[in-house]
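I opened this entry to look at two chains and how they meet. Chain by chain first, then the interface.

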Amino acid sequence: MATQLDPGPLARAVADAEDAALRERPRRPVAERLTRIHAAREQRRGRDTSLRGPIAAGLALGSVVAAALVWPRGEPLEAGTPPLAFAVGEAAAPGRVGEWVAAATMAAPIAFSDGTRILVDPGARARVVAVNALGAQVVVERGAVRADVVPRAGNDWSVIGGPFEIHVTGTRFDARWDPEREELSVTMHHGRVVVRAPCLAAPRVLGDDEAATLSCAPPTTAASDEAHPAPTVASEPGATAAPVAAAAPPSTASAAASSTAMAARPSWREIAGAGQYKEALAAAEAEGFGRLCEELSAAELMELGATARLGGRTARAAEAYAAVRRRFPGGDAAATAAFHLGQLTFDGAHAYAEGHRWFLTYLSERPGGALAAEALGRAMEAEQRLGDLAAARATATRYLARYPTGAHAALASSLLSP
Amino acid sequence: MSKVLRLADARQDAPRPAGEDAIELARALREGEAWAERALLEQQTAHVERILTRILGGRGDLDDLVQEVFVRAFERVEELREPRALRGWLTAIAVFVAREAIRAGKRRRWLVFLPPEETPELVNATASPEIRAAVRAFYEVVGGLEADARIAFTLRFVEGMELAEVAGACGVSLATIKRRLKSAEAEFAERGRAHEALAGWFEEGTRWQRS
């Protein structure tokens with residue numbers, strides 16, 4: 001039972017004065033703070049680990065040290081250093097955060113004030129979405145860029161293509177994002193990058209002269225998908241979701257297993273708990289994915305959806321989230337499922353209109369929810385991609401009023417600037 | 001007819017208690033998903049700033065301390081056993097960082113002048129001189145308490161946390177926190193009454209009244 005507390009006038013006065021001061025206190029944007037946090041973590045890892053020799057050829061993982069292996073050439077940053085400036089094109093026009101850079105027949109450079117240079121290939125489209133003193137985030141919508149990042153202690157650069165984020169500290173490499181095939185190709189020339197994505201069980205490290213092609217897209221000839229096609233995800237939020245097919249029979253392979261053998265195997269949840277999402281999803285499908293969608297609790301279905309999403313099976317993830325919304329309408333899980341459906345359709349299928357509807361669905365069901373800021377920012381981004389600039393500007397105004405230092409504040413400001 | 005959703009229809013509700021959102025957030029944080037890291041900062045920065053300020057008073061290095069809390073949170077997210085307790089878990093990390101800051105400050109006490117980051121900032125410009133003096137004096141007095149006593153005292157009486165919350169944030173039992181608070185309160189009252197700027201606050205009928 002709560003104890004009634006009367007803190008007294010002194011404690012109340014202290015609290016009120018502090019609250020007023022904190023409200024007025026300016027705060028750095030979320031993107032910048034996140035960059036600083038990651039930079040601090042990288043610096044600690046660099047101090048804690050020891051060098052183990054040169055990077056081996058090929059795509060070896062795991063034992064590679066976390067710190068950059070390139071001696072810094074740039075001067076270390078001092079506290080209070082302003083964000084980097086950047087210029088676009090051969091004419092070196094001042095760059096603006098959020099503005100697309102498209103190269104028609106000649107490559108277009110994005111040149112940063114620290115000497116870092118991102119070259120946007122002909123036919124490619126990219127933009128700077130965040131910039132601070134330590135680096136910048138560059139999104140590649142399609143095509144290839146060549147990045148030449150000046151090494152410096154504390155650097156934090158990211159090149160993003162689809163669901164992939166290439167984290168860079170001081171490197172020269174090419175990156176190509178193919179939105180139709182949902183493939184990221186990375187070719188290293190010098191240095192080291194770390195590639196992260198929701199579908200990767202662990203970050204991928206690429207070093208000198210290495211190359212990789214990565215995709216989170218589901219395979220086009222998956223037998224289980226042919227046998228048990230995922231139901232259509234409801235495209236009209238608020239309407240009854242498309243009926244799920246009758247509980248799908250287990251796959252042939254698992255049907256042959258005895259019940260004793262099945263009981264002895266770890267469950268899909270146990271496998272997912274170990275971070276083996278592809279294997280966990282296979283186990284779930286062996287149990288009968290459709291049946292699970294009809295029988296699991298809301299929390300377990302969300303876990304199944306996350307397992308599918310992290311395992312790169314967006315159709316199965318959508319199926320699980322649709323089941324949550326159909327079976328548990330109005331609850332927290334249903335709202336969160338809407339958010340994830342927005343992510344799947346926006347990031348995975350680039351279906352911006354559908355993604356936009358899902359993000360608005362989340363906001364209508366949970367306007368003050370934990371994901372509200374992200375949902376509002378993504379909705380704004382969808383409106384921009386759909387070319388509805390009037391709606392994007394209106395959303396940008398609301399976003400900045402609620403989240404002036406939010407992760408999408410830079411984009412919102414760019415939409416509202418004349 | 002399908003429902004047309006408009007952003008303007010979204011109601012401005014008060015923040016909801018942690019639910020499935022928190023479970024999803026914790027899961028995504030463990031996976032290092034960028035949206036979850038952004039969401040955590042969006043949701044919890046104000047709370048972390050407030051906890052640190054309650055314990056330490058105004059600090060010039062508040063941004064650095066807040067950053068330290070989130071660095072440790074991201075590194076230790078695997079230790080978050082109950083996703084719905086995310087805020088309490090983060091509070092405990094903030095308490096740990098504050099305790100380190102207090103002890104680091106005490107190790108520098110041989111310096112004649114306090115390092116700039118420990119010079120308390122003034123409260124907001126609209127606060128009266130009396131309030132500013134009271135806040136400054138309050139933290140001079142609590143600064144004389146032992147670190148754990150100071151933390152328990154400020155979380156309980158300034159932040160207004162329930163006893164169980166304070167115990168959880170400090171990582172001790174309810175019985176321990178009650179003992180700690182009892183001695184901290186007595187020591188604060190004795191020192192506070194002797195402080196010129198606080199004498200008028202210790203009036204009969206209010207908390208810490210003269211006996």
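This is a predicted model: local features need pLDDT of at least 70, side-chain atom pairs count only at pLDDT 80 or more; totals for chains, interfaces and linings use all residues.

Residues are numbered from 1 along each chain as its sequence is written, chains are lettered from A in the order in which they are written, and side-chain values use heavy atoms, without hydrogens and water.

I looked up the elements of chain B next. I found eight helices and zero strands (DSSP runs: H or I of at least four residues for helices, E of at least two for strands). Of its 211 residues, 50% are buried, that is, under 20% relative accessible area with a 1.4 Å probe.

Then I turned to the interface. I noted 70 residues of chain A in contact with 62 residues of chain B. The two chains bury about 5,900 Å² between them, counted as accessible area (1.4 Å probe) lost on being put together, summed over both. Carbon and sulfur atoms hold 59% of that.

How many salt bridges link chain A and chain B? I recorded 10, each a side-chain nitrogen of Lys or Arg within 4 Å of a carboxyl oxygen of Asp or Glu. One salt bridge pairs Arg28(A) with Asp63(B), at 3.9 Å from N to O.

Note on methods:
Contact means heavy atoms within 4.5 Å.
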